[in-house]
Amino acid sequence: RAVAMSVSHSSRLNKLVREQYMRLPQDGRVQVTYVWIDGSGEGVRCKSRTLDKEAKSIEDVPEWNFDGSSTAQAEGSNSDMFLVPVCMFRDPFCLDPNKLVLCEVLKYNRKPAETNLRHTCKKVMDLVKDSHPWFGMEQEYTLLGINGHPYGWPDNGFPGPQGPYYCGVGADKVYGRDIVESHYKACLYAGVKICGTNAEVMPSQWEFQVGPCEGIEMGDHLWMARFILHRVCEDFGVVATLDPKPMTGNWNGAGCHTNYSTEEMRREGGLKHIEAAIEKLSKRHDYHICVYDPRGGRDNSRRLTGHHETSNIFEFSAGVANRGASIRIPRQVGQDGCGYFEDRRPAANCDPYAVTEAIMRTTVLNETGVETKDYAGH
């Protein structure tokens, strides 16, 4: 009974009845679900509309609008916000030919909403496109019951200490694999560049990886992967949280480690370019910490303690194969003399647009200090 009570009521509706309706033909018309980031900078929202025929490209999907006063993005007296389609995916929930469409949010005056961090990221990525930046982001998350307690944990206590859970197998070591595997398949179907998954160090904590993605594609694909995760969890009646430290005490937090390289880093002799980029990052630590979670570093301060495979939030460090450093150079990269490096500082609830933009500003555009340059004239 305790386990049953930890899932939502709607997950217990008869799914076979739903399937009867999902099999009905659509008579040539297509359902398009618009997805956007809300005023929290962390939550995603969606709504759907019918198009008369299948959209073959993003240009075939019309702009739309929504009530920004209900998403903490506008006031009631002037609440209409624009949804501008930017990236289209197949819909793994309603199936072909239906679509999921990621959108940017613009205000009534066509200026980007405060939590539309894609807008400036796209400008920066266009500026640095000749360096061909590749990213891969490792999204950690924790499954919670509808009661807010980690899914599968004892109701009035804790599981055994960390150790057997990371990449674990067995009913006493992993909780919620059905969700993880369903999410993986749904992302593959949608066209999201998901490249792997594993159980994490804390029980009920998991990770999936997206990439390699070039430029703006990184943020687009990670946000859609997050939307699909929340939507899959809804079907199973549990909650996925991206909180960077969902459980206080001797438990690992949740990050979004960001792997990064430019074309010159990937070429023979690229290690010197990797080291040069890390040197630039070392001089701008405070700026990066400020943009690596939605609260200017306050969320990460709960996670980056120098314990539980993290660096200390107040210190910058780098090392080969060192999971306690701000920046890790994989051992293979050290041996090959080229490749990529991993920034371990971004929090699980970071905005990937903000993270990838900040890395490019520092390592390619050579910005310094805490202020950012406006490249509007470019």
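How many bridges join strand β6 (residues 134-144) to β8? Eight, and the two strands run antiparallel.

Some ground rules. This is a predicted model, where local features need pLDDT of at least 70, side-chain atom pairs count only at pLDDT 80 or more, and totals for chains, interfaces and linings use all residues. Residues are numbered from 1 along each chain as its sequence is written, and side-chain values use heavy atoms, leaving out hydrogens and water.

Strands here are DSSP E runs of at least two residues, helices are H or I runs of at least four, and both are numbered from the N terminus. Strands pair if DSSP finds at least two bridges between them.

Stay with β8, residues 205-214. Opposite Gln-209 in β8 stands Glu-138. Strand β7 (residues 194-199) is also antiparallel to β8, through five bridges. There, Trp-206 is the bridge partner of Ala-199. β7 and β8 make a hairpin with five residues between them. In that turn, Ser-204 has a positive phi of about 80°.

Now the core. A nonpolar core is a set of buried Ala, Val, Leu, Ile, Met, Phe, Trp, Tyr and Cys residues joined through side-chain atoms within 4.5 Å. The largest has 72 residues. Tyr-141 is among those with the most contacts inside it. Helix α5 (residues 217-236) gives the largest share, 10 residues. Domain 1 (10-115) and domain 2 (125-364), with bounds from an automatic or database assignment, both contribute, so this core lies between them.

A second, separate core has 15 residues, including Val-30 and Met-81.

Technical notes
Buried means under 20% relative accessible area, exposed over 50%, partly exposed in between (1.4 Å probe, protein chains only).
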